Amino acid sequence: MFELLPGNFARAVLGQSATPEIVENFNRRAGLDRPFFERFGVWLWGVVQGDFGISYSSLTASSTGDQDRTVASMILPRLENTLFLAAAVAIVAVPLSLGLGLLAALYRGSIFDRVVNAATLTSISFPEFFIGYILMLFFAVQLPWFYATSMIESTTTFWDHLERIGLPLICLVLVIVAHMMRMTRAAIINLLASPFIEMARLKGMPPSRVIWHHALPNAWAPIATVVGLNLAYLVVGVVVVEVVFAYPGIGRLMVDAVVSRDVPVVQGCAIIFAAVYVLLNLSADIIGIVTNPRLLHPR
Amino acid sequence: MLLEMRGIEIEGQSEDTWFPIIKGMDLTLRRGEVLGLIGESGAGKSTMGLAAMGFARDGCRITAGSIVFDGMDLRAMPESQRRKLRGVRIAYVAQSAAASFNPAHRLIDQCIETAMFYGVASASEARQSTVDLFRRLHLPDPENIGERYPHQVSGGQLQRVMTAMAMACSPDLIVFDEPTTALDVTTQIEVLASIKEVVRELHKAAIYITHDLAVVAQMADRIMVLRYGEVVEEAPTRQMLSDPQEAYTKSLWAVRSLRKDEDTSGDKVLSIRNVTAAYGGGVRVLHDVTVEVPRGRTVAVVGESGSGKSTLARVITGLLPPISGTVEFDGQRLPPALAQRPKSLLRKVQMIYQMPDPALNPKRRIGDMLGRAVSYHLGLSGKARDKRISELLEMIELDDSYRERLPMELSGGQKQRVCIARALAVEPDLVICDEVTSALDQIVAEEILKLLLRLQRDLGVTYLYITHDIATVKAIADEIVVMHQGKVVESGPKSEVLSPPHPAYTELLLSSVPEMDPDWLDNVLAERARGGAGAAAVEGDR
Amino acid sequence: MSDQTEPFSAGPAEEIMLAARRSRGKFATAMYELGKAPLTAKFGLLMIVLYILLAVFAPWIAPYGEAEVVSPKVYAAWSDEFVFGTDQIGRDFFSRMIYGARNSVSIAFITTVLAFVLGAAVGVLSACVGGWIDQGLGRFVDTLMAIPGLIFTLVLLTIFGTDLITLILVIGIFDATRVYRLSRAVALNIVVMDFVEAARLQGERLPWIMGREVLPNILPPLAAEFGLRFCFVFLTIAALSFLGLGIQPPLADWGSMVRESSTLIGYGDITPLLPAAAIALLTVSVNFVVDWFLHKTSGLRDV
């Protein structure tokens, strides 16, 4: 596909003032002088071996290979930061939204349900950067409770790290909880309409037992789907939030690479995002299959 | 008096308004008595049955009346009190056992759940008594069947397990809500027999809800007829059957009296020869089926679910090309697949479906639907088209204003009439009727059958009538084809097929159809116990 | 067959309901329903109308031109002259907000329409035809959907560059896969109905079956999905613009405006929140209306 725009990449990366020699040198070192499929094959083989290639940004400086920055070395620390944030969000958001969703489903039509419904509908309608900047304005600028930006260095300790991601964490939790809670509520309501739930009630079972003993064993598949879907969304949605709070994660790295059209870095980030996304969805499917009683106990 | 319900009023919510479902109803029940609740859809039978447990479905509410069970007013007590009665002293058996068992738990655990939860019995006692109930209900392998999960057990067996579950705490009252409606007749008789036996022997009181008169005649000591949320009539079973008082009850009773004189003359309009068919190259659903249909007559194809009778219709219409065998129409061999058939041939074979609702496009007006068929196949337009639509509406006894209506503005019976008009609009030779009355209430069904018979007399159209209901067959057939597991068991003129001697399956099928005689079930069981025909087949099913 | 399926069709009551369904015309019904609508839905509709008016009449409402540099002072404070001050190169922020209604909304709208025309047409076709065509399309779409949308878009924008047409095409085509999924699923529910089989047995051709039998019956869920898709597309484009990869200058666009003025937040200035709030208000409004519409048409769907 890069064939479509040959000189463009060199120009975009090196700037319009670059001499033809520099452009040629860049193209040769980036492998852009070779056919597309060969390049793609070489890259893919590299990825399988853990080699994501070399960033274009390091090709501009010198013509030798001394100071090459590999994509892997750029991505790894960033990936660590992103996973730290995502994991923190997941730990807070998953129990919170499952609990809220369950409550809203149980007390469907109540004031609580309606308030939560309106609140979550509003929250999913807001762009992440809107929530992010509101939080920053109120809780970092006007009330200095949190760090406005989340600078992380290699010397930052675990607790310090946690403290610095306060605002991005809250922002992502707000977004994710809204989505996940609505989906949980729908899944539970769907389940509670089953005849076997009515039967359990007619057998004299109290609501708590109906939920824990009758509904929940059948709810793992839909809940796993909801959680998987939202965690996958979280990993992707993190991009905007990282930019808002200047958090050094893989999302911001990717955006910067897109702006400078540093293709190897973009590719590397994309493949990692895609892998996490596919992995999460796949695990949701597997949990759904594994917990289905019909498949657990075949005829 | 075990149960006394007075002045019960129940409302149901539709969109934002509340509609009355039960409009001031009384119901009383003595210990050991079985009360039959009978009525058509929307009569409020199930709602009333659940109200006997002090329960209202989501979207329903009990607004007035008292429910006194064994001296306790269920409406006056808090929900937690009522809950302790449910399952322990008042139990419920639902229509669809397959949907009402929790797929995640073993049957035995579900059966003993209430007993364990309220400490009625210890685990081993509860298990033992449940296994006894399984045995009483003639379930196969009573010791171990409880270890299975719901989807591992057949429908008829599951219904019996549900009965056992209801009786696990030895309740005083059991509410049976159409427990056999979803079953085939040959399975139904077994379940009916088991329920009747166990209720009688353990001397339980029961409310038995059904829309089937013959079924209720077997099960109940006393019958209450409901309509539009009110009691029409109430009397002991024998008196109710022999001497109904109200006009509505009499009309219900009269439904099964429709008869048609047999006439099997006429040249063959349709010949199905040695057809074998399968879905998706898998299991064969039709084996070497041969059926001949005389012009202007009605051939009834009778069979239970899985007999292949609907597949036969798909082969005739070309939706399912057969693996081997031929379908001849008017002496001409029909191309096997729908796509290969010319428009002129498509016109000649029409179809009417079981459910009128999914058979009519909800977004198209009646006149538009009929008009499309008329102009597409007969090439009529303008005034001629309008005139034909009017004729068709007249034919189905609807006035001309109906052409502007949408399907949702029609009642169920009217919708089925429109389906008939659409089929007849293009002047077909053969109409395939696929269970066209089984989704309708009995009185409406009767009217539809009368209409079909009149149209046959007037227009000379041929029917291939697919059904599982023997009463309908008696009403309209000239010839009968009995199908079982994809094979034709017996075929011939109605009088021959319905009179002995029968092949074993026909015997079993015919003897399993409930009759209005309250002694019917006992007599059949006695007969079968003596080793009459079909007994072997029934045992095999167990 | 029993009370379970139709609990409320209680004879005379059913007659009353049938009569009620007949008595009102379409417009009257719509007005009646609107009168009963919850406050949130009414508010949402009002806002949507307001946005449309702003977008259409932007040149008449805005005090200054879209790309007109009106002040030598960058990031000027709010004043009588410049209601919301000026931006990073001295353009009037308020005027650009109004033009933003035009650009941001219409670009998202065009993209959604593209996604819909493509997705719904192929989805309904797929459901009606079935067989290997349906299978093949299904696998293809599954593959596309296994990739996270925003990331996929970022990669394509790197390769093809960030111009407007590319943006619309990439997001439109990617979103069409979701529309395909939904329209195929709802169309499948209709295709299995007997009236579609009846039409086939009459010898009706594919265009008739798709257009007259299936499509009219799936319009309500498709309409609701259009609203939700629009929100999604609108937010995606806003996010891309915010990252500097979406709508490019000099077009006034809310997402880009937030990014360009974001440094002001650090000084406690709420100006950058204004375009963000404009985005949020529209999506909230659309969501409120869709929520009500879904509740009306299905009575069951909760999400």
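The legends below describe close-up views of a predicted model.

**View 1. Chain C is built from helices.**
The secondary structure of chain C consists of twelve helices and zero strands. Followed along the sequence, the pattern reads α-α-α-α-α-α-α-α-α-α-α-α. Chain C has 303 residues, and 47% of them count as buried. Among the contacts in chain C between residues at least 6 apart in sequence, 66% join residues at least 24 apart.

**View 2. Chain C touches chain A.**
Here 38 residues of chain C are in contact with 40 residues of chain A. On the chain C side, helix H7 (149–160), helix H10 (206–242) and helix H12 (273–297) each supply at least two residues. The largest share comes from H12(C), with ten residues. By class, the residues on this side of chain C divide into 28 nonpolar, eight polar and two charged.

**View 3. Chain B touches chain A.**
In this view, 22 residues of chain B are in contact with 16 residues of chain A. The elements of chain B that give two or more residues to this side are helix H2 (79–85), helix H3 (97–100) and helix H4 (107–117). H4(B) gives the most, with three residues. The side of chain B that touches chain A has eleven nonpolar, seven polar and four charged residues.

**View 4. Chain B is divided into two domains.**
Domain 1 of chain B covers 33–54 + 87–257, and domain 2 of chain B covers 268–499. Their C-alpha centres lie 35 Å apart. Nine residues of domain 1 of chain B are in contact with seven residues of domain 2 of chain B. On the domain 1 side, helix H7 (185–201) and helix H10 (247–254) of chain B are the elements that give two or more residues. That side of domain 1 of chain B has three nonpolar, three polar and three charged residues.

**View 5. Six strands of chain B form an open sheet.**
The strand order is S16-S17-S18-S13-S19-S20 (chain B), and the pairing is mixed. Strand S16 (349–352) and strand S20 (487–493) of chain B stand at the edges; each has a single partner strand, so one side of each is left without a neighbour in the sheet. On average, and with direction ignored, neighbouring strands of this sheet are turned by 15° against each other.

**View 6. Two paired strands and a helix in chain B.**
Strand S17 (residues 430–434) and strand S18 (residues 462–467) of chain B pair in the parallel sense over five bridges. Leu430(B) stands opposite Thr462(B) in S18(B). Helix H11 (residues 309–317) of chain B packs on the sheet and touches strand S13 (298–302), S16, S17, S18 and strand S19 (479–484) of chain B. The direction of helix H11 of chain B makes about 150° with that of S17(B).

**View 7. Arg108(A) is found in a loop.**
This loop of chain A runs between helix H5 (71–106) and helix H6 (111–125). Arg108(A) counts as partly exposed because it has 17 C-beta neighbours inside 10 Å, and a residue needs 20 or more to be buried and 12 or fewer to be exposed. Leaving aside neighbours within four places in sequence, Arg108(A) is in contact with Asp113(A) and Ile189(A). Arg108(A) and Ser55(A) are 53 residues apart along the chain, and their C-alpha atoms are separated by 53 Å.

Technical notes: Residues are numbered from 1 along each chain as its sequence is written. Chains are lettered from A and ligands numbered from 1 in the order in which they are written. This is a predicted model: local features need pLDDT of at least 70, side-chain atom pairs count only at pLDDT 80 or more; totals for chains, interfaces and linings use all residues. Helices (H or I, at least four residues) and strands (E, at least two) are DSSP runs, numbered from the N terminus. Domain bounds come from an automatic or database domain assignment. Ala, Val, Leu, Ile, Met, Phe, Trp, Tyr, Cys and Pro count as nonpolar, Asp, Glu, Lys and Arg as charged, and the others, Gly among them, as polar. Two strands pair if DSSP finds at least two bridges between them. Axes are lines fitted to C-alpha atoms, for helices over the stretch in contact, and angles run from 0 to 180 degrees between N-to-C directions.
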